[in-house]
Amino acid sequence: MALAQLNEEQIRTWTREQKDKWWFETVYRHDLPQLTIRAAFTGFILGGVLSATNLYIGAKTGVSLGVGLTSVILAFALFRGLSQLGFRDFTILENNALQSIATAAGYVTTPLISSLAAYMLVANVIVPPWQMFVWMTVISILGVLVAFPLKRRFINEEQLPFPEGAACGVVLDALYTSGDDGKGEGMFKARILGWSAALASFWAFVCGENLMRFLQFTLLRMDKWTSMKEAFNFHERLDTYYYDLAAYLAKRYDFSLWAPNISGVPLKTLGLRATLDMSMLGVGGLMGIRVATSVFIGAFVNFVILAPIMINAKDIVPRINADGTITALTRAEIVNQWSLWWGVTMMVVGSLVALMGKPEMFTSAFKTLFKKKEAGPAKEDLLKDIELPLWMSAVGIPIFSGLAAYAAQSFFGMDWRLALLSLPLIFVLSIICTNSMALTSWTPTGSLSKITQFTFGAIDRTNPATNLTTAGMTAEVAANAANLLSDIKPGYMLGAKPRQQAVGHVIGIISGAAAAVVIFPILFFHAGPDGVVSPASMIDDKYGFPAALQWKGVADIIAKGLKSLPVSAIYSMVIAAVIAAVIEIVTIVRKRPFPLSTVSIGLGVVLPPDASFAMWVGALFFWWQGRRFKEKGTAGHRLWVDGMEAICAGLITGAALTGIADQVLGVTIFAK
């Protein structure tokens with residue numbers, strides 16, 4: 001069924017009161033259940049699960065994935081299946097409320113893979129889980145309070161598209177109005193999501209060292225009735241088979257292991273390893289061929305060409321610790337000592353030039369916000385009982401701003417007055433991010449946050465918490481406001497109560513934050529040889545934390561200046577800045593995207609190269625399938641093109657959840 005919508009002339013000529021009346025009489029579903037107890041409970045649980053997967057993927061790739069469509073399909077399949085057993089099926093608005101909760105839970109994890117993680121690395125402190133929870137909850141709820149004064153202007157009056165949110169609305173409408181009897185598109189996508197999740201989960205299970213120990217020794221007790229002393233498991237890193245075989249042959253036949261190398265530097269040192277990580281294949285599919293190819297090129301240039309040259313030139317060397325021990329060269333050391341600087345420069349310069357090349361994003365945002373209302377007598381507000389009252393924002397914003405400033409001083413040791421000084425930027429960035437999300441489904445929080453970071457870094461260079469916390473706060477509040485309005489868009493299309501969606505968003509924030517702060521220490525903090533757990537243990541060959549390294553790189557430049565870097569690193573930054581600027585200027589002049597993305601090239605520098613390669617393989621596969629099955633209506637197009645998002649979501653969810661389970665076993669049952 002086609003969703004009711006205004007035409008362009010009506011949007012341009014009608015007053016907001018007329019548009020509200022049309023929506024109230026034509027679209028609004030007055031008594032249809034929405035934020036029910038079961039929807040809230042299911043959303044809370046599903047949101048916690050999806051926030052854990054987002055945290056897992058974000059630590060690997062630096063990317064926060066939207067989970068709206070995934071939650072829509074999962075909830076639809078779950079309750080359509082339960083309805084066959086006699087349970088009452090979800091209404092379309094209950095499913096929409098659930099996706100709003102799950103999406104909020106997914107996005108709330110962003111500070112843990114970016115600004116907050118960077119603060120822990122720079123300050124060398126581990127923030128207690130309860131402080132993480134309070135910080136993320138306060139700034140996310142502040143985003144909700146900032147969003148609703150903008151909602152009536154951007155959604156009700158201007159009827160801006162919000163493509164990502166609108167897509168959820170269209171999918172929901174199709175699922176619930178297509179007469180799906182278990183054979184239609186809704187259940188088809190749910191099934192392929194389930195099968196791809198099962199495949200990824202199975203592979204992660206047989207590759208999980210702790211899961212295999214639990215199965216073979218704890219459950220089957222194979223150590224008692226066989227000669228097995230160690231559990232057998234497969235390896236996601238495929239080169240492990242080569243190294244194991246070479247080590248065996250070297251020991252048996254007395255010849256040394258031949259280690260593949262580039263200019264004398266072993267491939268293992270460079271992090272150049274082949275991997276079959278199903279979650280990265282799924283991420284690559286969602287990224288698309290342009291972005292994934294850019295990431296792959298960044299990794300290739302850095303780890304295959306530049307890193308071996310710099311190691312041989314002694315600009316990257318084994319680090320001597322304070323106690324006299326030597327830290328051997330690893331991928332993380334290569335990135336931190338040298339590569340980080342040109343990668344961050346590429347990302348920052350590219351994103352800022354691209355942002356400056358879109359002045360209409362700024363002008364249209366403020367024109368929309370401050371557009372004068374037509375004169376005339378005040379009309380009765382038909383939506384006053386279902387919209388979030390504006391007085392809640394008027395009261396809540398000062399309160400939560402004060403809480404954020406207090407938390408910034410208490411938790412991170414920064415001056416609370418500087419935290420309050422950053423608050424006006426929240427309003428400006430929220431308008432820009434919301435307008436960008438409304439038009440493109442993209443929020444430029446990364447590039448905008450760097451403006452805040454450099455501004456407050458200039459005010460206080462001695463305390464890294466000042467620039468990291470203020471930039472993190474302004475970026476996350478603005479992103480939450482934009483994402484909330486994107487979540488409200490499908491509700492507006494389907495006739496939902498905005499007030500209940502706001503409540504659902506808060507439920508999702510609490511769910512996601514609670515799950516994230518429990519999972520984060522388990523996944524990422526490990527004791528070193530001396531038994532001490534440090535923030536540096538977060539970054540290893542499995543988790544690269546590329547977003548956090550980008551934030552940390554800017555903070556280090558602010559604190560130490562360029563003089564602390566090797567001369568070759570400074571040259572590389574200049575060259576990277578010029579290349580990034582040229583690419584973005586060419587894009588602006590040609591008015592179409594350049595074949596490569598500067599931000600993605602920089603991302604490839606800080607990502608583990610095996611993850612970059614796996615993402616490129618995933619993107620290449622789905623690009624190839626799209627070329628093979630161009631014709632709509634064919635089985636191949638239905639599976640590989642229309643079902644691409646469901647397949648990728650299944651790969652990510654199955655691999656991430658099983659990977660998390662393996663690590664939970666490692667730090668509980670099998671902890672040394």
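How many disulfides does a search of the whole structure find? The search finds zero, where a disulfide is a pair of cysteine sulfur atoms within 2.5 Å. In general, a disulfide is a covalent bond between the sulfur atoms of two cysteines. Buried means under 20% relative accessible area, exposed means over 50%, and partly exposed lies in between, with a 1.4 Å probe and protein chains only.

The model is predicted: local features need pLDDT of at least 70, side-chain atom pairs count only at pLDDT 80 or more, and totals for chains, interfaces and linings use all residues. Residues are numbered from 1 along each chain as its sequence is written, and side-chain values use heavy atoms, with hydrogens and water left out.

Start with the salt bridges. The structure holds six. A salt bridge here is a side-chain nitrogen of Lys or Arg within 4 Å of a carboxyl oxygen of Asp or Glu. One of them joins the side chains of Glu387 and Lys151, at 2.8 Å from N to O. Glu387 sits in the loop between helix 18 (359-369) and helix 19 (390-412), and Lys151 in helix 8 (residues 129-157), so this pair ties together parts that are 236 residues apart in sequence. Both Glu387 and Lys151 are buried. Helices are DSSP runs of H or I with at least four residues, numbered from the N terminus.

Another salt bridge links Asp610 and Arg237, whose closest N and O atoms are 3.1 Å apart. Asp610 belongs to helix 28 (residues 609-628), while Arg237 lies in the loop between helix 12 (222-225) and helix 13 (239-253), so parts 373 residues apart in sequence are tied together. Asp610 is buried, with a relative accessible area of 7%.

Asp239 pairs with Arg273, and their closest N and O atoms are 2.9 Å apart. Asp239 lies in helix 13 and Arg273 in the loop between helix 14 (267-270) and helix 15 (278-287), so the pair ties together parts that are 34 residues apart in sequence. Asp239 and Arg273 are both buried.

Now turn to the surface. Which residues form a nonpolar patch there? They are Phe41, Phe44, Ile45, Val49, Ile510 and Leu657, with about 500 Å² of accessible area together. Patch members have over 30% relative accessible area and no salt bridge; like charges are joined within 9 Å, and nonpolar side chains (Val, Leu, Ile, Met, Phe, Trp, Tyr) within 5 Å. Accessible areas come from the Shrake-Rupley method with a 1.4 Å probe, and for residues only the protein chains shown count as cover. Helix 3 (residues 37-61) supplies the largest share of the patch, four residues. Phe44 is in helix 3. Its relative accessibility is 34%, so Phe44 counts as partly exposed.

Ser511, in helix 24 (residues 498-524), is in contact with Phe44, Gly47, Gly48 and Ala105, leaving aside neighbours within four places in sequence. Contact means heavy atoms within 4.5 Å. Ser511 is buried, with a relative accessible area of 3%.

Helix 5 (residues 92-107) has 16 residues. From first C-alpha to last it reaches 23 Å, close to the 22 Å expected at 1.5 Å a residue. The expected span is 1.5 Å times one less than the number of residues.

Helix 26 (residues 567-590) has 24 residues and reaches 35 Å, close to the 34 Å expected. Among its buried residues are Ser572, Met573, Ala576, Ala580, Ile583 and Thr587. An α-helix has 3.6 residues a turn, so residues three or four places apart point the same way. Lys591 follows helix 26, and its phi is positive, near 60°.

Two further residues show contacts beyond their sequence neighbours. Ser114, in the loop between helix 6 (110-113) and helix 7 (115-123), is buried at 4% relative accessible area. Ile289 lies in helix 16 (residues 289-312) and counts as partly exposed at 28% relative accessibility. Its C-alpha is 6.0 Å from that of Leu620, 331 residues away along the chain. Ile289 touches Trp616, Ala619, Leu620 and Trp623, not counting residues up to four places away in sequence.

Terms used: Helix = DSSP H or I, 4+ residues; strand = E, 2+ residues; numbered from the N terminus.
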